[in-house]
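Open the model in your viewer and keep the selection tool at hand. This tour moves from stop to stop, saying what to select and what is there.

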Amino acid sequence: MMFFSRWKTAGILLVCLMGVLTSLPNLLPRAAFPGWFPVRQVNLGLDLRGGSYLLLEVDTTALLRDRVEGLVEGTRRNLAQANPRILYTGLQAQADQRRMVVRITDPASRDAALRAVRELGLEVALGGGARGSDIEVGISPEGLLTATVTEAGIRAKASAAVEQSIEIVRRRIDETGVVEALIARQGANRILVQLPGIDDPDRIKQLLGRTARMTFHLVDEAANLAAATPPPGVMFLPGEQAGQRYAVRRRVEVDGANLTDARPSQDNRSGEWVVNFTFDSIGTRRFSEITRANVGRPFAIVLDEKVITAPNIREPITGGRGQISGSFTVRSATELSILLRAGALPAPLTVIEERSVGPELGADAIRAGIISLAVGVLFVFLYMGLAYGLLGWFANIALFFNIVIMVACLSLLEATLTLPGIAGIVLTLGTALDANILINERIREEVKNGRPPLSALEAGYTKASGTILDSNLTNLIAMACLYGFGSGPVKGFAVTVAIGTVVQMWTATVLTRLMVVWWYRARRPKELPVMQRPGLTLLQRLARPLFRICPDLTTITFMRGARTGLLVSAVLSTLSLVGAFYPGLEKGIDFKGGIVMEVRTPAPTDLALLRATASGLNLGDVGIQQFGDANTALLRMPAPPNEAQVQVTVNRVRQALEAASPGIRILRVEAVGNRISDELFRGGMLALGLSLMAMLLYIWFRFEWQFGIAAIVTLILDTTKTIGFMVLFQIEFNLTSIAAILTVIGFSANDKVVVFDRMRENLRKFKQMPLEQLTDLSINETLNRSLGTSMTLFLSALPLAFFGGDALSGFAWVMLFGIFISASSSVFIAAPIVLYSGRNRLRRDVAAPVAPASPRTT
């Protein structure tokens with residue numbers, strides 16, 4: 001263990017060097033590197049550089065409606081073209097039941113009608129490699145023929161629509177000039193759009209929200225526009241002006257999908273803005289045929305079920321070019337041109353979640369993150385150096401490379417760093433030193449037991465390795481659950497902490513060991529600098545521990561307070577559960593839906609004016625409070641029941657505030673629909689539940705079942721008390737809070753594993769010691785390690801509470817409380833549960849207590 005071959009040493013140094021070289025590009029802008037250089041950098045999230053996050057949902061009901069209506073038109077055509085013609089009645093679409101129905105009046109024509117309708121089916125994947133039609137066709141003895149769209153057909157249609165929509169959204173955004181936009185599929189029917197630098201995405205949302213499906217139809221001049229329902233094969237559509245109505249044939253004569261270009265321009269005669277378009281070869285031929293055959297008849301240009309214009313065809317148009325005129329401005333003509341060039345969406349898109357952050361707020365977030373990181377590094381470095389001397393300074397060097405390699409890994413992944421991600425890096429400072437503390441405490445124990453220096457080093461690293469693996473795997477389990485069921489920035493937090501955890505296991509067990517070996521070979525010390533000695537110089541004192549959190553030889557009888565600890569814990573957890581329902585958790589926008597807007601005014605904010613303005617919009621219970629300084633306010637309002645109206649509400653509030661308070665700036669907007677908030681809440685609760693279950697199974701596998709039961713009960717009690725703390729101080733319960741709770745759970749499990757590991761070791765060492773005395777001994781032996789890890793995590797989280805800003809202060813305070821609860825629960829809850837559940841299984845108490853020969857720790 002303490003021998004390093006040359007190739008192994010070279011490999012370790014190469015990893016460190018590659019980490020430094022890979023992370024260095026993050027210190028320079030991407031433009032500073034030549035185009036051929038393979039630059040990989042960590043991207044700043046929208047909450048750090050400003051921008052907008054939009055979650056769009058494809059309206060699958062519209063897809064289904066279009067498919068069923070397509071079946072109706074296809075059935076009408078096929079039945080009319082059959083030879084002999086098939087007679088029918090009652091042809092209609094039933095989109096709510098996913099089917100088309102028609103009654104065949106002639107029994108002899110039923111088989112032919114079935115064949116004609118089956119021809120309308122589209123081939124889709126049915127699963128298991130099989131393929132088939134997307135419709136099921138059947139006919140009753142009475143002649144009622146039905147064609148029902150199958151589940152496989154709906155899935156195939158939705159999947160194709162999402163893929164097509166992603167490409168169209170990308171083209172539309174590219175046309176606007178937004179750079180580095182991220183467009184990705186999320187789930188079955190959602191599209192994630194991130195727009196850096198766009199703090200007011202209203203224009204983008206308007207572009208993305210329009211289907212922009214343009215079609216050309218003949219106008220039915222014989223239809224009665226005053227009728228309540230249109231005749232078969234005809235639809236009534238509104239025009240551009242109020243009160244206009246057109247009777248338009250359903251048959252699409254020319255599809256806008258055949259357009260190759262569309263450009264805004266001004267008409268030479270009237271000076272009004274128009275849109276000139278050009279067809280491809282197929283569209284040109286079809287447009288020429290239609291206009292040649294219908295000279296003198298009106299021809300409607302329909303955009304998203306509205307007639308833009310319906311001019312008469314004066315002469316055949318054979319050049320494949322046309323013009324759309326209407327009440328266009330330069331902006332509306334330009335936007336319509338963008339939409340037509342990008343193509344039509346196969347189905348409408350609805351913005352179900354929006355988060356926008358202005359660049360000013362992003363700069364504040366970066367500053368808060370850097371300050372928190374710098375202060376956390378300083379605190380942790382000083383603590384390790386002063387508490388563990390030379391070995392602590394070695395751990396600090398390893399921690400530096402831990403951060404460098406972690407940034408390098410994020411750079412290789414081209415990960416996006418968000419504010420929760422910075423919190424993850426800060427917390428990694430605390431958890432990364434846990435392994436070093438375990439090793440250093442083990443080495444100190446071996447020295448006190450009389451081992452020579454080299455043997456003590458060997459035993460310290462060897463005996464601590466199993467505990468390090470167990471304790472860090474529990475943390476990885478929590479992060480895996482958070483990543484699997486979290487959302488957005490919270491996933492970034494989980495990735496950051498998980499990478500930091502893996503890297504710190506390597507730096508603690510490999511890199512620090514290499515440095516210790518180098519030092520030992522160079523100095524050949526007769527004793528290790530792990531104890532204080534009188535008469536030393538200042539430099540020699542700094543190489544040794546300057547303080548201990550508690551004495552080495554503690555003999556505290558913790559189990560005397562076991563019943564009291566369990567009783568107090570049960571009472572506190574019960575009160576916390578009651579408080580979670582009444583008065584209840586203060587759910588954030590992530591979990592209850594709604595709209596949050598952070599605004600800043602030139603002068604001190606007039607809260608009464610803003611409250612009156614928002615209340616006048618009749619949006620429900622609107623809350624307004626001062627947020628941060630006197631010029632900043634936070635508005636909260638419920639989300640409308642219809643998710644499609646969320647963006648309308650945001651725009652109304654924005655316009656009303658700008659009119660009431662000129663010069664007001666919208667710093668941040670978060671809008672989450674009720675349905676997406678329910679999904680986020682279920683995902684967060686599932687992440688908590690699965691993390692607890694996974695840790696139970698792991699500890700059960702690694703230890704006796706008594707340890708697994710004690711761990712899971714303690715983690716549940718720790719979680720409930722943390723929730724009670726949030727209720728007591730009205731800390732928002734949101735996705736960031738879930739991240740904090742899961743981090744607390746990971747740390748709590750980590751702490752319990754260390755105590756359990758020592759109990760398991762002592763069970764093998766002291767065969768006759770009563771379990772109660774053995775439990776006390778195990779806790780005393782690991783007390784400095786538990787308190788040391790709690791201290792490093794506490795010192796790393798403390799700057800977040802004071803310098804992390806409003807976005808992370810609640811997260812940090814939950815962490816700080818969780819650290820205190822977890823450290824105490826290892827002693828007064830987990831250990832007593834093991835004691836009482838394992839008294840007759842782990843160890844049968846003997847009549848006379850048998851103590852170890854001396855009170856030394858082993």
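## Stop one: a buried asparagine

Select N258. N258 is buried, at 18% relative accessible area. (Buried means under 20% relative accessible area, exposed over 50%, and partly exposed in between, with a 1.4 Å probe and protein chains only.) N258 sits in the loop between strand 14 (254-255) and strand 15 (259-266). Helices (H or I, at least four residues) and strands (E, at least two) are DSSP runs, numbered from the N terminus. Now show the neighbours. Leaving aside residues up to four places away in sequence, N258 touches T278, F279, D280, I282 and G283. Contact here means heavy atoms within 4.5 Å.

Before moving on, note the ground rules. This is a predicted model, in which local features need pLDDT of at least 70 and side-chain atom pairs count only at pLDDT 80 or more, while totals for chains, interfaces and linings use all residues. Residues are numbered from 1 along each chain as its sequence is written, and side-chain values use heavy atoms, with hydrogens and water left out.

## Stop two: aromatic rings

F279 belongs to one aromatic cluster with F216, F277, F287 and F299. How many aromatic pairs does the structure hold? There are 15. Rings of Phe, Tyr and Trp (its six-membered ring) pair if their centres lie within 6.5 Å; planes under 30 degrees apart count as stacked, over 60 as edge-to-face and the rest as tilted.

Jump to F725 and F729. Their pair is tilted, with 4.9 Å centre to centre and 50 degrees between the planes. Is F725 buried or exposed? F725 is buried, at 14% relative accessibility. F729 is exposed, at 54%.

## Stop three: the nonpolar cores

Next, select L482, F756, F811 and M815. Of the 91 residues in the largest nonpolar core, these four touch the most other members. A nonpolar core is a set of buried Ala, Val, Leu, Ile, Met, Phe, Trp, Tyr and Cys residues joined through side-chain atoms within 4.5 Å. Which helix gives this core its largest share? Helix 21 (residues 735-765) does, with 15 residues.

Zoom in on F811. F811 touches A423, L427, F493, T736, A739, A740 and L800, not counting residues up to four places away in sequence. A second, separate core has 31 residues, among them L438, I443, V510 and V754.

Select helix 11 (residues 434-448) and helix 12 (residues 453-485). Their axes come within 8 Å and cross at roughly 140 degrees. Axes are lines fitted to C-alpha atoms, for helices over the stretch in contact, and angles run from 0 to 180 degrees between N-to-C directions. The crossing of helix 11 and helix 12 is right-handed. Helix 11 brings residues including L438, I443 and V447 to the contact, and helix 12 brings residues including A456, Y461 and I468. By class, the contact has eleven nonpolar, three polar and four charged residues. (Ala, Val, Leu, Ile, Met, Phe, Trp, Tyr, Cys and Pro count as nonpolar, Asp, Glu, Lys and Arg as charged, and the others, Gly among them, as polar.)

Now pick helix 5 (residues 151-176) and helix 6 (residues 202-209). They pack at about 145 degrees, with axes 10 Å apart. V169, R172, I173 and T176 of helix 5 meet R203, I204, L207 and L208 of helix 6. Five of the contact residues are nonpolar, one is polar and two are charged.

## Stop five: backbone details

Most residues other than glycine have a negative phi, and most peptide bonds are trans. The next selections depart from that.

- Select N83 and P84: a cis peptide bond joins them, with omega about 0 degrees. P84 lies in the loop between helix 3 (60-81) and strand 3 (88-94).
- Select Y582 and P583: a cis peptide bond joins them too, with omega about 5 degrees. P583 lies in helix 15 (residues 562-584).
- Select E305: its phi is positive, about 60 degrees, although E305 is not a glycine. E305 is exposed, with 57% relative accessible area.
- Select N618: its phi is positive, about 55 degrees, although N618 is not a glycine. N618 is exposed, at 69% relative accessibility.

## Last stop: A116

Finish on A116, in helix 4 (residues 110-118). A116 is buried, at 9% relative accessible area. A116 touches N78 and L79, not counting residues up to four places away in sequence.

How values were computed. A crossing is left-handed if the near helix is turned anticlockwise from the far one by less than a right angle, and right-handed if clockwise.
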